[in-house]
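Please look through the model below before reading my notes. I have kept to a few points that you can follow with the structure in view.

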Amino acid sequence: MQPPIDERVRSFLLSLSRALGTRIENVLDLYLYVSPETVRIVEIVERGGKIAGLRLAVRSRKKPDVWYYVAVGEYGAKCTCEGNTIGGKICRHIIIGVITWNMISLIKRGEDIDPTKLTWLSQGEREI
Ligand SMILES: [Zn+2]
């Protein structure tokens, strides 16, 4: 029997925090930020029966009238915020993108995203 979804999400968040080299509390904070008021799915990228990536808009926490556009996938991620476009950093919007991607994959396919396979996550600087 498969564990309930909240247990799977918890283990995903733990794995994500390890891949990022950050504390679970930081990742949990971003997970709790995700809601229909703060995250909008733009496109679900499906390939070979899998959810291969996601394009989404994430509302700025500091400037609620601003939305950042994010793309996440196996081979990399992009965001329209300054931290990513100028600083080249893994920003909080990208991490929110990965968390949302995992939720979509769980709901639509019953499969988790494996953060350890997203090598770009553990490379480069991060903002959280
Ligand atoms: Zn960003």
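Predicted model: local features only at pLDDT ≥ 70, side-chain atom pairs only at ≥ 80, totals over all residues.

1. Residues are numbered from 1 along each chain as its sequence is written.

2. Four strands form an open sheet in the order β1-β2-β3-β4, with antiparallel pairing; strands (E, at least two residues) and helices (H or I, at least four) are DSSP runs numbered from the N terminus, and two strands pair if DSSP finds at least two bridges between them. Because β1 (39-47) and β4 (76-79) each have a single partner strand, they stand at the edges, and one side of each is left without a neighbour in the sheet.

3. Within this sheet, β2 (residues 50-59) pairs with β3 (residues 67-73) in the antiparallel sense over seven bridges, and Leu54 has Val72 in β3 as its bridge partner.

4. In helix α2 (residues 24-33), the buried residues (20 or more other C-beta atoms within 10 Å of their own, with C-beta atoms placed from the backbone) are Val27, Leu30 and Tyr31. They cover an arc of only 105 degrees around the axis, taken from the directions from the helix axis to the C-beta atoms, which puts them on the same side of α2. On the other side of α2, Glu25 and Leu32 are exposed, meaning 12 or fewer such atoms, with partly exposed in between.

5. The unreviewed UniProt entry annotates residues 68-102 as "domain: SWIM-type"; positions are given in the numbering used here, feature names are shortened, and annotations may be inferred rather than shown by experiment. Over residues 68-102 the chain is 43% helix and 29% strand, with the end C-alpha atoms 19 Å apart.
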